[in-house]
Amino acid sequence: DPAAPALDEVAERCGAVGQPEESAMKKVLAAALCGAVMFLLPGCGGERLPYAREMGDMALMRTMGVDTGEGGAEQLHVTVSSGRRARGLQGEAEPPLVLSAERESISSACLAMQGLSDSYVFYGHVDQLLLGEELSRRGILETLQYFSQDQELGMGTQVWIVRGGTAAEAISAEQERGVESRLSTIQTDSEMGMAGMTRTVGETLTSLMEDGSAYLPGLVPGEDGALLEAGYGVVKDGMLAGWLTGEQARGLELAAGQFGADILELETRGGGAAVRVTAVSVSCVPEFSGERLTGLELACRLSLRAEESWGEPEPAELCAAAEEREAARISAALEQLKGWNADCLGLARRAGQTESARWNALRAQWPEVFPELEIQVTVQASLLAA
């Protein structure tokens with residue numbers, strides 16, 4: 001098989017071959033990632049549709065929600081939603097089609113939903129995944145693996161956790177307008193720097209395999225039912241450990257080298273200004289005493305732009321105020337991550353890039369040292385000329 005060498009290489013990189021000391025979770029994640037590669041190879045994944053069908057005979061699902069079932073811990077409640085659908089020759093829109101079923105697996109629930117619609121339910125269009133908080137606390141690995149291995153789904157699916165609620169409730173609250181439109185808006189805003197960070201199934205699985213933890217964006221329904229950003233859920237060993245919100249959420253974004261929709265209102269002796277972060281770069285440098293890891297320096301560089309000002313603020317004072325504020329945010333996020341012993345930012349890997357000769361020592365010590373590690377956060381800001 002000409003593809004075999006490539007698969008062996010992927011498996012070895014993922015930790016599935018030749019590394020007996022890897023943890024059980026890493027082997028499971030490696031198998032999921034390698035399984036996803038199999039479906040990309042000719043003849044391995046089969047056809048995306050078993051039979052030729054007319055588009056008018058198909059219900060194209062866009063969003064899937066997964067919760068724990070009411071029938072017990074072994075049951076899963078799966079909800080799917082299409083986009084608004086055209087009706088008739090004039091293309092008049094009708095509300096999205098929302099279906100749900102409760103079974104012991106996602107695949108059996110999806111099969112059961114075929115009998116709930118007059119059209120063939122097609123899941124190959126799904127690129128949005130909502131996870132209920134209760135399910136997330138029990139574990140999300142099986143759900144992510146299903147998306148990585150199923151021939152109709154994919155690793156590029158965007159993932160969110162519904163904070164304090166269920167995915168089914170979130171989808172039902174947006175049923176009239178269509179939850180997929182709101183999620184698409186959040187994703188687009190994130191790409192434009194007007195919202196928080198988003199994550200895909202593939203990114204999440206990779207972080208869990210390499211770092212043992214990952215962060216996922218959270219959502220909560222607003223007063224009108226529209227989904228709103230709600231910080232980040234930190235997943236460790238496949239289960240939700242807790243939430244970063246407010247200042248901690250902003251600190252996580254900065255430490256990750258990204259920024260969301262945020263305005264800093266700063267005061268100086270001569271006046272104040274509302275400034276916005278336009279660019280972020282972060283470096284991680286480990287500190288050793290012999291072969292013992294003793295500390296980490298996290299250096300963050302920011303570019304700022306003044307959106308408005310009052311009085312006569314000094315640019316240098318604005319930068320100093322921004323540096324102090326952002327350093328406090330980053331430190332708050334890191335302290336919480338250390339408390340969970342969850343390196344969802346991949347600090348160990350990033351530090352290893354600057355000290356490649358000591359990477360093996362750093363990786364071996366990290367799980368034990370990280371909770372008590374002294375991390376020095378430095379922020380340097382520059383104000384762009386108006």
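The model is predicted. The protein has 386 residues, of which 49% are buried. Its secondary structure consists of 12 helices and 16 strands. Among the contacts in the protein with a separation of 6 or more, 67% are accounted for by residues 24 or more positions apart. The accessible surface amounts to about 18,400 Å², and carbon and sulfur atoms hold 48% of that surface.

Rolling a probe the size of a water molecule over the atoms shows where empty space is left. One cavity of 30 Å³ or more is present in the structure. The volume of the largest cavity is about 80 Å³. Its lining is made up of Arg250, Glu253, Leu254, Gln258, Phe259, Gly260, Asp262, Val277, Glu326 and Arg329. Two elements, α9 (246-255) and α10 (315-340), each give two or more residues to this lining. The largest share, three residues, comes from α9. By residue class, the lining of the largest cavity comprises five charged, three nonpolar and two polar residues. The charged residues of the lining include Arg250 and Glu326, while Leu254 and Val277 are among the nonpolar ones.

The cysteines were considered next. A disulfide is a covalent bond between the sulfur atoms of two cysteines. With a cut-off of 2.5 Å between cysteine sulfur atoms, the count of disulfides in the model is zero. Cys110 has a relative accessible area of 5% and is therefore buried, the limit for this class being under 20%. Cys319 is likewise classed as buried, because its relative accessible area is 10%.

A further residue, Thr200, illustrates the setting of a strand position. Thr200 lies in strand β9, which covers residues 199-200. The relative accessible area of Thr200 is 12%, so this residue is buried. When neighbours within four places in sequence are set aside, Thr200 is in contact with Met155, Gly156, Thr157, Gln158 and Val159.

Cys110, Cys319 and Thr200 are buried.

Note on methods. Residues are numbered from 1 along each chain as its sequence is written. This is a predicted model: local features need pLDDT of at least 70, side-chain atom pairs count only at pLDDT 80 or more; totals for chains, interfaces and linings use all residues. Side-chain values use heavy atoms; hydrogens and water are left out. Helices (H or I, at least four residues) and strands (E, at least two) are DSSP runs, numbered from the N terminus. Buried means under 20% relative accessible area, exposed over 50%, partly exposed in between (1.4 Å probe, protein chains only). Contact means heavy atoms within 4.5 Å. On a 1 Å grid over the protein atoms alone, a cavity is a set of points where a 1.4 Å probe fits but cannot get out, and a pocket is an open set with protein on both sides within 12 Å along at least five of seven lines; lining residues have an atom within 4 Å of a point. Grid points are joined across faces, edges and corners, and a volume is the space filled by probe spheres set on the points. Accessible areas come from the Shrake-Rupley method with a 1.4 Å probe; for residues, only the protein chains shown count as cover.
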